[in-house]
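Student: I have a structure to study and would like to work through it by questions. Can we start with the strands?

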Amino acid sequence: MLADLTDGAVEDSQARAVERPLASVERAALDRAPALDVVTALAPADRVKIIAEVKRASPSRGDLADIPDPAHQAGLYQTGGASAISVLTEGRRFKGSLADLEAVKAAVGVPVLRKDFLATPYQVVEARAAGADLVLLIVAALDQKTLSELFELTGQLGMTALVEAHSADEVARAADLGARLIGVNARDLSTFELDRDLFGRLVEGIPADAVKIAESAVLTPADVAHYRSAGADAVLVGEALVTGDPVATLRRFLHDGDLQGASS
């Protein structure tokens with residue numbers, strides 16, 4: 001599944017490159033205002049941070065929400081207390097686009113993540129051109145040479161990389177890069193099975209100076225508390241926010257999740 005998603009995302013970016021060559025995208029990226037300071041926005045604090053996701057669909061769950069106005073959705077997330085906004089830009093299975101990212105960036109004042117299956121420099125540059133402050137780099141999808149090259153390019157463009165791992169080896173690979181944001185995804189992107197305890201098993205391998213982010217399997221405040229008590233600085237939440245009242249859900253997750261996590 002992960003290979004198929006990555007191959008499809010690269011193929012789609014190659015089609016865009018025909019219409020908009022790399023040199024043009026690079027100029028647009030350089031014309032953008034500097035990316036926001038993501039590490040500070042998500043840094044460890046006395047309460048958990050939430051990255052709220054604009055997500056229409058997924059391969060595991062199918063259609064989740066129409067979201068005709070992603071900028072409005074992101075504005076609700078900011079009102080609810082999100083520290084950053086994740087925008088799925090993959091079009092085939094998640095029904096997102098770079099236009100969604102641009103609209104969200106124009107509407108909010110918190111950092112915006114391009115969440116996609118990035119494997120080429122073109123995709124990283126077009127993320128900055130669309131306004132992304134950070135990009136997702138999935139260790140399992142990339143050999144170490146490519147991962148390192150994309151990580152370096154991300155920094156050169158002023159963005160921050162959220163480096164995602166699914167095993168102790170992948171956490172070590174992320175740490176070797178010097179990644180300041182390391183995420184552990186509870187969803188195995190090869191099988192799409194969930195393991196909510198994976199973060200807790202891997203967190204000790206994340207360097208002390210890195211922001212520790214738990215991803216997936218978050219539907220209730222108890223799930224936020226579970227990750228918080230295991231050492232998460234931030235939690236990425238998608239489905240629960242697009243299938244209900246996003247402001248109320250976020251506030252409940254932030255308040256109740258912290259209280260439950262403190263008592264765990």
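Student: In which sense do strand β1 and strand β10 pair, and over how many bridges?
Tutor: This is a predicted model. Strand β1 covers residues 49-54, and strand β10 covers residues 234-237. They pair in the parallel sense, over four bridges.

Student: What do β1 and β10 belong to, and how many strands does it have?
Tutor: Follow the order β1-β4-β5-β6-β7-β8-β9-β10, with parallel pairing. Neighbouring strands of this sheet are turned against each other by 25 degrees on average, direction ignored. Together they form a closed barrel of eight strands.

Student: Which residues of β10 point one way, and which the other way?
Tutor: In a regular strand, side chains alternate between the two faces of the sheet. In β10, A234 and L236 point one way. The other way point V235 and V237, and all are buried.

Student: Which residue stands opposite L236?
Tutor: Go to strand β9, residues 211-215. β9 and β10 pair in the parallel sense over three bridges. Opposite L236 in β10 stands E215.

Student: Through which helix does the chain cross from β9 to β10?
Tutor: This is a β-α-β crossover, and it is right-handed. The helix spans residues 221-230. Its name is α10.

Student: What is the phi of S216, and where does S216 lie?
Tutor: Most residues other than glycine have a negative phi. S216 is not a glycine, yet its phi is positive, about 75 degrees. S216 lies in the loop between β9 and α10.

Student: Is S216 buried or exposed?
Tutor: Buried means under 20% relative accessible area. The relative accessibility of S216 is 18%, so S216 counts as buried.

Student: What is the phi of A217?
Tutor: A217 also lies in the loop between β9 and α10. A217 is not a glycine, but its phi is positive. The value is about 60 degrees.

Student: How many bridges join β4 to β5, and which residue stands opposite L88?
Tutor: β4 and β5 run parallel, joined by four bridges. The residue in β5 opposite L88 is K115.

Student: Which helix lies on the way from β4 to β5?
Tutor: The chain makes a β-α-β crossover here, and it is right-handed.

Student: How many bridges join β5 to β6, and through which helix does the chain cross?
Tutor: β5 and β6 run parallel, joined by two bridges. L113 stands opposite L134 in β6. This crossover is right-handed too, and its helix is α6.

Student: Which strands does helix α7 lie across, and at what angle does it run to β6?
Tutor: Helix α7 covers residues 144-156. It lies across β6 (134-138) and β7 (160-165). Its angle to β6 is about 175 degrees.

Student: Is D100 buried or exposed?
Tutor: D100 lies in helix α5, residues 98-107. Its relative accessible area is 9%, and the cut-off is under 20%, so D100 is buried.

Student: Which side chain does D100 join in a polar contact, and at what distance?
Tutor: Leave aside neighbours within four places in sequence: D100 is in contact with R56, P70, V87, L88 and K95. The polar contact is with the side chain of R56, at 2.5 Å.

Student: Is S83 buried or exposed?
Tutor: S83 lies in the loop between α4 (70-80) and β4 (84-88). Among the residues it touches are K49 and V110. Its relative accessible area is 15%, under the 20% cut-off, so S83 is buried.

Student: Which residues have the most contacts inside the largest nonpolar core?
Tutor: This core has 69 residues. Its largest share, five residues, comes from helix α6 (residues 121-129). The residues with the most contacts inside it are Y77 and I85.

Student: Which residues does I85 touch?
Tutor: Do not count residues up to four places away in sequence. Then the list includes I51, A74, V104, V112 and L113, as well as Y77.

Note on methods: Residues numbered from 1 in each chain as written. Predicted model: local features only at pLDDT ≥ 70, side-chain atom pairs only at ≥ 80, totals over all residues. Heavy atoms only, no water. Core = buried A, V, L, I, M, F, W, Y, C linked by side-chain atoms within 4.5 Å. Buried < 20%, exposed > 50% of the residue type's maximum accessible area, 1.4 Å probe, protein only. Contact = heavy atoms within 4.5 Å. Pairing = 2+ DSSP bridges. Axes fitted to C-alpha atoms, helices over the stretch in contact; angles between N-to-C directions. Right-handed = clockwise from strand over helix to strand, strands pointing away. Polar contact = N/O pair within 3.5 Å; in protein donor to acceptor, adjacent residues only side chain to side chain.
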